[in-house]
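Welcome! Take a moment to look over the structure, and then we can walk through some of its parts together.

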Amino acid sequence: MKKPTVPKGSSKKEDLIPDTSDGTGKLLTTNQGLKINDDQNSLKAGERGATLLEDFILREKITHFDHERIPERIVHARGSGTHGVFQLYKPQSAYTKAGFLNDTNIETPVFVRFSTVAGSRGSTDLARDVRGFSVKFYTQEGIYDLVGNNMPIFFIQDAIKFPDLVHAVKPEPNHEMPQAASAHDTFWDFISLMPESTHMVMWLMSDRAIPRSYRMMEGFGVHTFRLINEEGKSHFVKFHWKPLLGVHSVAWNEAQKISGNDPDFHRRDLWEAIEAGAFPEWELGIQVIPEEDEHKFDFDLLDPTKLVPEELVPVQRIGKMTLNRNPDNFFAETEQVAFHPGHIVPGIDFTNDPLLQGRLFSYTDTQLSRLGGPNFHEIPINRPISPVYNNQRDGHMRQTIDAGRTSYQPNSINGNSPLQAKVSEGGFSSYQERIDAKKIRERSRSFFDHFSQASLFYNSQSEIEKNHLVDAFRFELGKVEIEEIRKRMLGILTQVDAGLAKRVAEGLGLEVPSGPQKPVNHGVPADADQQKYEPVKGKSTLKSSAALSMKDTPKDTIKSRKIAILATDGVNGTELNAYKKALEAAGAMAKIVATHNGHIKDDAGKMLKVDFTFLTTASVLFDAVYVPGGKKSVAALLTEADAIHFVEEAFRHCKAIAANADGVQLLEHSKIPLKDKNAAQNGVLLNKTARDFEEAIKQHRFWEREKPAKIPA
Ligand code: HDD
């Protein structure tokens, strides 16, 4: 079948234009279009009141204000969205008939929303948490939503446990603490009783949970889905998003400080990068598994707590997504956008993954209370760019004026319109999976190996990543007050790796439980045979999987990286400008941080614009620090405790640091161990070129600095 082709440039943006309003230079009106003469004073009986009920302008304004909040998302409340496009590299007709995966001339508009899971709308971006990665494709065949996360698996195997999981991780119900944090008793109580979550908590305790940027995260569709081709043949598929900037994270100590300095860190990062034209890009990857291979693996493809190692099934990169336009209005677009894993197009279909099956119910249901009724698909950001005709009518806030006498089918009055579409006309037809089964509440035995892939994940981590995992468990379990819960978690960790359990136990001041540990599954039906629900540890065919580590992620650009230049009056302007120019030419954002705002005067009397002061920014908001020469400037910085703290903290967080000429003195006055012969290799560059500095910044972090000792900062 010939797929419809959308010319480049036909975008969601154009679709949104009629709904976009801009009052610049216009006269103020009421919602009824009446021009307002006085928006400063209410209508009163005399100049000292009282205010009159008659004041319809006051009433309208206050009433609207009183109702301008909607319920936040029950999960993923905190998020940031942006527009973009998806471009296919090569037709995927062998696997799918989906139009947007077949025509390379199509530039499919997308809207993407990134989020944390547990926190409220106003919570910090840098919580240790899973990140949501939702993509709405406005295809010619309707909306396709890929509603994934930045981790390839999930906590639970069955949607019926989702409310329990979320209740456990959300702030505790008696005092509503802690906000946006899993480090508390109820979360770990639940996790320690549900061994199926072991693999996911390994990811959650890894640095993946504290990304440097939304732009530097992988995305995953998590579940196994199906691709259906023109012949009706099905292949299993796992979806991936691979960021072209690589996968990078911050240090936990840094994450906590960012939360204070700029709780909007990720939102700002995304916004500023797009405004600056540094458009974030991801490649869409697919792992395709023929139906015949369904039972070839040592795990069940329907089990959402398992991933398909890339060594077993390589990821094919089939297209690229570029995010290139910030929304005009946060509420109208980012807040009102409604994703749903059940929004699919012909060529894509579901599997029986019991977590996915439950999700298919939840997402429309939640929009009914969140967005207020059944017409949320008419909200401009949710509206498909393909036409919508059906007999669904009325309801709160209905926008469409459906013309004609009929709103039912079959009808003879209107020629039976709107007509059902044949498959050859693009009509959706569900994949005819053969099912021959009893109606039972059960879990397949093929779902009970809760530990092999958790071990695979741990074994695939670098030493540094393992250290971070140990620290994260020590932190999180250290915040747990009930000792029994900590001990139960140690029992679970023994199943992942004895060394890991031992190191976490040491940090908690506990003994690793002795004897063979067999964590008990407490998520068991009342009448079930406990033994049937016992977790097992199978043998993974792989010892490690390189794709699970962030160590070898691409480190080939400093595009959009933020670099602080510490300088004040008397700085060597020639040197500063040359360095700054070189870094900016490589795509970085270099900002002058000074002792005062406004401008600084360089050693030649030229004025340089200050971007931040030590009061308005902090080292944790930058990727690297540069201290140029200039006697007077450095002398002033030496008396500024915040300047010394700035470089020490950057060192503590393993960032590239460059200092030239007198600038070296600032490092000498700090606790940075310059006498260490390795210092230069460790990303501290003294009197080196901007090019050398660029190479160091590309490395993202010099984590090995953490090994000998952390400096106080
Ligand atoms: Fe969910 C939102 C991702 C399991 C029920 N989910 C939501 C969002 C993401 C995910 C990224 C935010 C969407 C946005 O930006 O607006 N959820 C996942 C993933 C899951 C998952 C990757 C497992 C693989 N979710 C899941 C289950 C259920 C839900 C099992 C319920 C049975 N999720 C919801 C929800 C939300 C939601 C309550 C809240 C707001 C919304 O849907 O629109 O319906």
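## Before we start

Please keep in mind that this is a predicted model.

## Around the ligand

Let's begin with the ligand. Its shell holds 26 residues, and those that come nearest are Arg73, His76, Arg113, Gly132 and Ser362. Two or more shell residues are given by each of these elements: β2 (107-116), β3 (131-139), β4 (142-149) and α9 (354-370).

Which element gives the largest share of the shell? That is α9, with six residues. Sorted by class, the shell has twelve nonpolar residues, eleven polar ones and three charged ones.

## A domain from the record

An unreviewed UniProt entry lists residues 29-417 as "domain: Catalase core". Over residues 29-417, the chain is 21% helix and 19% strand.

## A parallel sheet

As a reminder, strands of a sheet pair through backbone hydrogen bonds, either parallel or antiparallel.

Now follow the pairs one by one. Strand β11 (residues 562-566) is joined to β16 (residues 624-627) by three bridges, and Ala564 stands opposite Val625 in β16. Next, β16 and β17 pair over four bridges, with Tyr626 opposite Ala658 in β17. Then β17 and β18 pair over three bridges, and here Ala658 stands opposite Leu685 in β18.

Are the residues Ala656, Ile657, Ala658 and Ala659 of β17 buried or exposed? All are buried: Ala656 and Ala658 point one way from the strand, while Ile657 and Ala659 point the other way.

Finally, look for Asn411, which sits in the loop between α9 and α10 (452-459). Why does Asn411 count as partly exposed? It does so because 14 other C-beta atoms lie within 10 Å, and partly exposed falls between the buried cut-off of 20 or more and the exposed cut-off of 12 or fewer. Leaving out residues up to four places away in sequence, Asn411 touches Thr406 and Asn416.

How values were computed:
Residues numbered from 1 in each chain as written. Predicted model: local features only at pLDDT ≥ 70, side-chain atom pairs only at ≥ 80, totals over all residues. Near = placed C-beta within 6 Å. Nonpolar A, V, L, I, M, F, W, Y, C, P; charged D, E, K, R; others polar. UniProt positions renumbered as here; feature names shortened; annotations may be inferred. Pairing = 2+ DSSP bridges. Contact = placed C-beta atoms within 7 Å.
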